[in-house]
Amino acid sequence: MSEKRNTILIADDFLVNRQLLKIIFQEQYEILEAENGKEAITLLTRYQDEIALIFLDLLMPVKSGIEVLQFMEEEQLDKSIPVIVITGEATDE
């Protein structure tokens with residue numbers, strides 16, 4: 001595992017959400033972006049030792065944020081990479 005995790009993965013299907021988070025964190029962290037869960041899993045697999053944090057939208061096309069969380073659990077990445085769940089969904093569910 002890398003000594004210094006300096007990358008944030010932003011997984012959200014809305015470009016504006018990714019851009020806002022990128023603007024906030026790009027001076028302190030390298031930023032990876034995924035517009036769907038499949039891309040997020042690909043980036044997670046490739047950069048797992050560098051990722052310090054994931055901003056994860058639950059409702060995305062191709063693969064959902066829930067499927068990304070399931071993948072992380074299966075690969076035990078949930079033990080080393082914190083996830084902040086983000087969503088634009090306004091229902092109680």
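**A close look at one part**

Author: Happy to! Let's begin with Thr7, which counts as buried because its relative accessibility is 4%, and the limit for buried is under 20%. Keep in mind as we go that this is a predicted model. Thr7 belongs to strand 1, which covers residues 7–11. Now look for Tyr47: along the sequence Thr7 and Tyr47 are 40 residues apart, yet in space their C-alpha atoms are 8.5 Å from each other.

Ile8 gives you another pair to find. Ile8 and Phe55 are separated by 47 residues in sequence, while the distance between their C-alpha atoms is 7.6 Å. Phe55 sits in strand 3, residues 51–57. With a relative accessibility of 7%, Phe55 counts as buried too.

The chain has three helices and four strands, and read from the N terminus the order is β-α-β-α-β-α-β. Of the 93 residues, 35% are buried.

As a general idea, side chains with opposite charges can pair when their charged atoms come close. Here the count is two salt bridges. One of them joins Glu33 to Arg18, with 3.0 Å between the closest N and O atoms. Glu33 is part of strand 2 (residues 30–34) and Arg18 is part of helix 1 (residues 15–25), so this pair ties together parts that lie 15 residues apart in sequence.

Glu33 also forms a salt bridge with Lys22, and there the closest N and O atoms are 3.5 Å apart. This pair, too, links distant parts of the chain, since Lys22 is in helix 1 and Glu33 is in strand 2, eleven residues away. Put together, Arg18, Lys22 and Glu33 make a linked network of salt bridges.

How covered are these three residues? Arg18 counts as buried because its relative accessibility is 7%. Glu33, at a relative accessible area of 29%, is partly exposed. Lys22 is partly exposed as well, with 31%.

For a patch of another kind, find Glu73, Glu74, Glu75 and Asp78, which gather as negative charge on the surface. Asp78 lies in the loop that runs between helix 3 (65–74) and strand 4 (83–86). Its relative accessibility is 38%, so Asp78 counts as partly exposed.

Finally, zoom out until the whole chain is in view. Along the principal axes, the C-alpha atoms fill a box of roughly 40 × 30 × 20 Å. A compact globule of 93 residues would have a radius of gyration near 12 Å, and because the chain has 12 Å, the two agree.

Note on methods: Residues are numbered from 1 along each chain as its sequence is written. This is a predicted model: local features need pLDDT of at least 70, side-chain atom pairs count only at pLDDT 80 or more; totals for chains, interfaces and linings use all residues. Side-chain values use heavy atoms; hydrogens and water are left out. Patches are made of residues with over 30% relative accessible area and no salt bridge: like charges are joined within 9 Å, nonpolar side chains (Val, Leu, Ile, Met, Phe, Trp, Tyr) within 5 Å. Accessible areas come from the Shrake-Rupley method with a 1.4 Å probe; for residues, only the protein chains shown count as cover. A salt bridge is a side-chain nitrogen of Lys or Arg within 4 Å of a carboxyl oxygen of Asp or Glu. Lys and Arg count as positive and Asp and Glu as negative; His and the chain ends are not counted. The place of a charge is taken as NZ of Lys, CZ of Arg, CG of Asp or CD of Glu. Helices (H or I, at least four residues) and strands (E, at least two) are DSSP runs, numbered from the N terminus. Buried means under 20% relative accessible area, exposed over 50%, partly exposed in between (1.4 Å probe, protein chains only). The radius of gyration is taken over C-alpha atoms; the globule rule is 2.2 Å times the number of residues to the power 0.38.
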